[in-house]
Amino acid sequence: MSVQEFHQKVITDAGAAVRGVTVALGERLGLYKALAEHGPLTAAELADRTGTNERYIEEWLHAQLSAGYVERDPGSQAYTLPAEHVAVLADAKSVTFAAGFFTALKALYATEDLLAEAYKTGDGVGWAEHDAALDTGMGSFFQPTYEHKLVAEWLPSLRDVTTKLTNGGTVADVGCGVGHTTLLIARAFPNATIHGFDYSEEAISLARQLAEEAGLSDRVVFEVASADDYPGAGYDLVCFFNALHDMGDPVAAAEHVLKSLDSDGTWMLVESNVSPEDIDTQTPAARMFMALSAVMCLPVAVAQRGPHALGNHSGEQAFRAIAEEAGFTRWRRANETPVNAVYEVRP
């Protein structure tokens with residue numbers, strides 16, 4: 001690659017970095033959704049639909065047009081969000097919905113000073129040091145996959161788990177964040193008792209609110225607790241969704257899972273479907289995970305001052321070694337997507 005070609009590559013990345021803020025605004029202000037539901041729309045019509053300022057919307061649409069996100073009719077000056085783009089930018093229920101991720105940028109960009117200091121000192125940047133937008137943004141990014149895969153494919157791929165939950169089993173969702181996965185399991189298995197644990201008080205507060213709104217607070221309990229001290233025993237299922245790699249002492253967490261499980265229970269470990277071998281593949285998923293690990297996952301783990309700081313692409317071999325060190329004897333890759341690997345871990 002020549003200097004000029006590499007220069008253009010970096011400029012392309014710079015444009016994507018800035019464009020991310022416009023995507024966050026489009027999601028936050030309902031601009032994509034309005035285009036999907038009512039388009040084609042002129043800038044004035046989109047501003048009127050969304051209660052925004054026409055001049056700003058005109059500029060926002062120019063950014064979207066230059067990115068290839070929207071199309072413009074040269075005669076009417078009306079903008080359209082193509083049907084193929086609706087599933088990615090406007091339909092939060094679509095498995096390909098990605099716009100929600102960009103709302104986390106506010107939190108990530110705001111920690112630059114903390115990260116610079118951490119890179120010098122070797123200290124971490126804890127999850128709680130980020131704006132609450134990190135909880136909602138990352139939750140929104142993973143949620144579409146969970147909506148489509150968790151109940152329909154992942155849980156059935158685990159031995160005997162759906163039968164137990166149908167008959168009234170117990171579940172611990174550890175590192176539950178704002179409770180999206182916890183509530184999905186609760187809706188699917190009305191006879192089961194579900195517990196959600198997270199060390200973020202802000203996330204648990206929001207999770208309780210969501211459970212109340214969903215009418216599930218009578219059998220879904222959210223508590224502030226860490227992965228190595230959450231209460232309860234005899235769980236039929238313990239779930240970790242993209243959380244183990246963020247922990248400073250994943251072995252202690254795995255040991256606690258083993259103690260908290262029923263003797264015939266299952267630990268469902270969902271992790272990033274990337275490994276050290278993917279570092280130089282430059283696939284879209286690999287590029288995203290490597291960047292996230294450098295500015296979020298690794299600093300969060302280091303901040304816990306434990307014996308490990310895995311990063312999000314440590315891979316199956318590392319996770320299996322942790323489980324075996326903790327005392328688990330059975331390991332199986334039960335399911336996967338391009339983004340997630342689902343492991344069945346048993347005593």
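Asp198 is found in strand β4, residues 193-198. Helices (H or I, at least four residues) and strands (E, at least two) are DSSP runs, numbered from the N terminus. The structure is a predicted model, in which local features need pLDDT of at least 70, side-chain atom pairs count only at pLDDT 80 or more, and totals for chains, interfaces and linings use all residues. Residues are numbered from 1 along each chain as its sequence is written, and side-chain values use heavy atoms, with hydrogens and water left out.

Asp198 counts as buried, at 11% relative accessibility. Buried means under 20% relative accessible area, exposed over 50%, and partly exposed in between (1.4 Å probe, protein chains only). Beyond residues up to four places away in sequence, Asp198 touches Gly175, Cys176, Gly177, Ala203, Ile204, Glu223, Val224 and Ala225. Contact means heavy atoms within 4.5 Å. Ala225 is 27 residues from Asp198 in sequence, and the C-alpha atoms of the two are 5.3 Å apart.

His130 is placed in the loop between α7 (112-121) and α8. His130 is also buried, with a relative accessible area of 7%. Leaving aside neighbours within four places in sequence, its contacts are Ala107, Leu108, Thr111, Val125 and Val300.

The protein as a whole comprises 14 helices and nine strands. Along the principal axes, the C-alpha atoms fill a box of roughly 70 × 50 × 30 Å. Of the 347 residues, 46% count as buried. Among contacts with a separation of 6 or more, 67% join residues 24 or more positions apart.

The largest nonpolar core has 44 residues. Such a core is a set of buried Ala, Val, Leu, Ile, Met, Phe, Trp, Tyr and Cys residues joined through side-chain atoms within 4.5 Å. Met138, Leu155, Ile185, Leu237 and Met268 have the most contacts inside the largest core. Helix α8 (residues 133-154) gives the most to this core, with eight residues. Ile185 touches Leu150, Leu155, Leu165, Val171, Ile194 and Cys239, not counting residues up to four places away in sequence. Apart from this core lies another, of 28 residues, among them Val174, Ala225, Ala253 and Phe319.
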